[in-house]
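Biologist: I would like to learn how to read a model of this kind feature by feature, with the general idea coming before the particular case. Could we go through it together?

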Amino acid sequence: MSIPSVSGDEEAVGFFLRDYLTSLGWKVELQRVSENQNNVIAYLNDTPRVFLSTHMDTVPPFIKPTEDATKIYGRGACDAKGIIAAQITAAENLRKENFVDVGLLYTVEEERASTGAKMANAHPLAAKCEYLINGEPTDNDLAIGSKGAFRLKVKSAGKAAHSAYPEEGESAIEKLLDILNDIRNTKFPGDEFFGETTVNIGMIEGGVALNVIPPAAEAGIAIRLTTKRAPIEAALRSIIKERGEIKILSCSEPVRMLEVDGFKKKVVRFTTDIPYLTNWGKPLLLGPGSILVAHTKDEFVLKKDLEEAVGLYEDLVKRVLNTESQSTQS
Ligand SMILES: [Zn+2]
């Protein structure tokens, strides 16, 4: 946590993990993503069947770590450096019990465009891997679904004119307001498993001056998808009709993850690297800490949650490899 690794600046933390894991006896590869960004891939034998993974980058700004008796504070405490520490500890414990089919995958750029994950998906070890246990702060519950994210702009065009002669122009802002109002009043299709599709109109822009009929306006919208993109996009187009146009910025569809008996389950609303790591086997998602403090200045993780996560990762690995140990029911 004391090595800054805001997205785009992960080189030092990657080198640290390489050196640390090498010193423990892992085979470590750096997978180059850009000039100064590398994914870290570590393993003990040539055919790891399960990988523990998360990301090394954080959101800005860097906040140096501090602690008290019960918590660790600072950037990456729960998202996701605490998770890296818990996973390495779990993997080392498993190794002592001779579970050597385990690998570790740490990516760059998850907080931006998952560039690291996209690159990792082409790694030759992916094809041999059966399960990917990804870590994000889920309060140590097993996330069995994550909503998707559909980001777009709605643009409207009008005709500029002197504001004293409105009949000479056409207001793009008024058109956009009408469209946005219709969007707000629409109940978009949801899904029984994933829940409600929610819409956030996060940005709005337009106009040139108070005395000019605005010729252009646009709004940025983020939709948390619980269905495929197609029905939502179709609904938007039928709302907007000829009044404006859509520019799609990005989209990841909702993902279902593996369920495992005995774990507390939930659906999470955030997105992860998982949609871009499709070649790495069946995905699972679990991690210590709360998404509600991730990305805030008060980010922290409870020490007891980190310790609990170590045991949960060990259990999950054993469970997916069908070698459940009797003593580890939680
Ligand atoms: Zn994260």
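Biologist: Which residue in E15 does Leu132 stand opposite?

Modeller: Leu132 stands opposite Pro283 in E15. Please keep in mind throughout that this is a predicted model.

Biologist: How should I read the two faces of E7, and which residues cover each side?

Modeller: In a regular strand the side chains alternate between the two faces of the sheet. In E7, Tyr131 and Ile133 lie on one side while Leu132 and Asn134 lie on the other, and all four are buried, so that both faces of the strand are covered.

Biologist: Which residues have the most contacts inside the largest nonpolar core?

Modeller: Those residues are Leu104 and Tyr313, in a core of 40 residues. Several elements each supply at least two residues of this core, including helix H1 (11-24), strand E3 (50-55), helix H2 (81-96), strand E7 (131-134) and helix H7 (303-320). Leaving aside neighbours within four places in sequence, Tyr313 is in contact with Leu52, Ile83, Ala86, Gln87, Ala90, Ile133, Gly135, Leu286, Gly287 and Pro288.

Biologist: What are the protein donors of the zinc ion, and how far from it do they lie?

Modeller: The donors are His55 (NE2), Asp79 (OD) and Glu136 (OE), which lie 1.8 to 2.1 Å from the zinc ion. Along the chain these donors follow the spacing H-x23-D-x56-E. Because Asp79 sits in the loop between strand E5 (71-73) and H2, and Glu136 in the loop between E7 and E8, the pair ties together parts that are 57 residues apart in sequence. Both Asp79 and Glu136 are buried.

Biologist: How many salt bridges does the count come to?

Modeller: The count comes to 21 salt bridges, taking a side-chain nitrogen of Lys or Arg within 4 Å of a carboxyl oxygen of Asp or Glu. In one of them, Glu92 is joined to Arg95, with the closest N and O atoms 2.8 Å apart. These two residues are 3 apart in helix H2, and are therefore separated by about one helical turn. Glu92 is buried, with a relative accessible area of 16%, whereas Arg95 is partly exposed, with a value of 25%.

Biologist: Which distant parts of the chain does the pair of Lys266 and Asp139 link?

Modeller: Lys266 forms a salt bridge with Asp139, and their closest N and O atoms are 3.1 Å apart. The pair links strand E14 (residues 265-268), where Lys266 is found, to the loop between E7 and E8, where Asp139 is found, 127 residues apart. Both partners are partly exposed, Lys266 with a relative accessible area of 24% and Asp139 with 39%. The side chains of Glu259 and Lys265 also meet in a salt bridge, at 3.7 Å from N to O. Salt bridges that share partners join Asp139, Asp141, Lys264 and Lys266 into one network.

Biologist: Is Gln31 buried or exposed?

Modeller: Gln31, which is found in strand E1 (residues 27-34), counts as buried because its relative accessibility is 12%, and the cut-off for buried is under 20%. Not counting residues up to four places away in sequence, Gln31 touches Gln37, Asn38, Asn39, Ile41, Met119, Ala120 and His123.

Terms used: Residues numbered from 1 in each chain as written. Predicted model: local features only at pLDDT ≥ 70, side-chain atom pairs only at ≥ 80, totals over all residues. Heavy atoms only, no water. Core = buried A, V, L, I, M, F, W, Y, C linked by side-chain atoms within 4.5 Å. Buried < 20%, exposed > 50% of the residue type's maximum accessible area, 1.4 Å probe, protein only. Contact = heavy atoms within 4.5 Å. Donors = N, O, S within 2.8 Å, 3.2 Å for Na, K, Ca; no water. Pairing = 2+ DSSP bridges.
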